Amino acid sequence: MVSAGFFESGLASVVSPLFYLQSLSKYYKTVIFAEIWKHNQGGERMKCQCSDLPDAFYLDEGSRGFAEGLKREISGNWIWLGSCPSCGQLWALDEWDKYQDQVVTRVNNRETWNVADTTNLRKQLLLKSRGGLTDTNCIWAGCTAKAVKGVVFCLDHLWNAGTRR
Ligand SMILES: [Zn+2]
Ligand SMILES: [Zn+2]
């Protein structure tokens with residue numbers, strides 16, 4: 001003799017795991033959608049800063065993880081070309097060097113990224129980091145250019161001495 005209770009409990013033991021799985025998959029769908037939504041929200045907030053950045057800056061002055069966020073396109077001689085995965089802007093970055101501050105420069109022409117002369121950009125960066133010029137002349141013999149703040153040399157003579165920041 002089999003009681004009705006047996007069927008009920010037997011049925012319950014089959015149904016409840018199915019129900020459990022269904023609700024579990026519903027739960028995970030909700031979780032996954034929530035994650036996608038969060039990701040998209042983050043994507044909006046994390047919009048790249050390329051258009052707001054100056055044409056040249058010291059890497060450590062850029063946003064955190066700037067270099068890591070770029071796609072490495074080409075490696076050159078102590079310099080590499082990276083592209084922004086969000087807007088495609090190209091940037092040339094100095095490779096890490098124990099003795100020099102890494103500089104990032106905006107690249108507007110992919111063809112000449114490695115041959116374009118960035119000396120002037122780097123000099124202006126040096127000048128900016130020093131706070132500009134003074135009213136006194138450079139002490140270099142015969143030089144009439146104004147000295148950079150905090151030093152006795154003009155920008156060119158400071159640069160020629162190997163100062164980069
Ligand atoms: Zn960008
Ligand atoms: Zn000078």
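## A residue to start with

Is tryptophan 78 buried or exposed? Tryptophan 78 is exposed, because 10 other C-beta atoms lie within 10 Å. Here a residue counts as buried if 20 or more other C-beta atoms lie within 10 Å of its own, as exposed if 12 or fewer do, and as partly exposed in between, with C-beta atoms placed from the backbone. Tryptophan 78 sits in the loop between β2 and β3 (79–83), and has a positive phi of about 65 degrees although it is not a glycine.

Please keep in mind that this is a predicted model, in which local features need pLDDT of at least 70 and side-chain atom pairs count only at pLDDT 80 or more, while totals for chains, interfaces and linings use all residues. Residues are numbered from 1 along each chain as its sequence is written, and chains are lettered from A and ligands numbered from 1 in the order in which they are written.

Helices (H or I, at least four residues) and strands (E, at least two) are DSSP runs, numbered from the N terminus. Five of the strands make an open, antiparallel sheet in the order β1-β5-β4-β3-β2. Its edges are β1 and β2 (71–75), each of which pairs on one side only. On average, neighbouring strands of this sheet are turned by 30 degrees against each other, direction ignored. Strands pair if DSSP finds at least two bridges between them.

Now for strand β5 (residues 103–107): four of its five residues are buried, so the strand is largely enclosed by the rest of the structure. Strand β1 (residues 56–58) pairs with β5 in the antiparallel sense over three bridges; tyrosine 58 has valine 103 as its bridge partner, and alanine 56 stands opposite threonine 105. Strand β4 (residues 90–94) is joined to β5 by four bridges, again antiparallel, with tryptophan 91 partnering arginine 106.

Helix α3 covers residues 119–130, and its end C-alpha atoms are 17 Å apart. That agrees with the 16 Å that its 12 residues should span at 1.5 Å a residue, where the expected span is 1.5 Å times one less than the number of residues. After α3 comes glycine 131, whose phi is positive, near 90 degrees. The helix lies across β1 and β5, running at about 50 degrees to β1; axes are lines fitted to C-alpha atoms, for helices over the stretch in contact, and angles run from 0 to 180 degrees between N-to-C directions.

Arginine 122 belongs to α3 and is partly exposed, with 19 other C-beta atoms within 10 Å. Leaving aside residues up to four places away in sequence, arginine 122 touches Ala56, Val103 and Arg164, contact meaning C-beta atoms, placed from the backbone, within 7 Å.

## The nonpolar core

A nonpolar core is a set of buried Ala, Val, Leu, Ile, Met, Phe, Trp, Tyr and Cys residues joined through C-beta atoms within 7 Å. The largest one has 18 residues, of which Trp91, Val104 and Cys154 touch the most other members. Elements giving two or more residues to this core are β1, β4, β5, α3, β7 (146–148) and α4 (155–160). Domain 2 (48–116) and domain 3 (119–165) both contribute residues, so the core lies between them; the domain bounds come from an automatic or database domain assignment.

Key:
Two residues are in contact if their C-beta atoms, placed from the backbone, lie within 7 Å.
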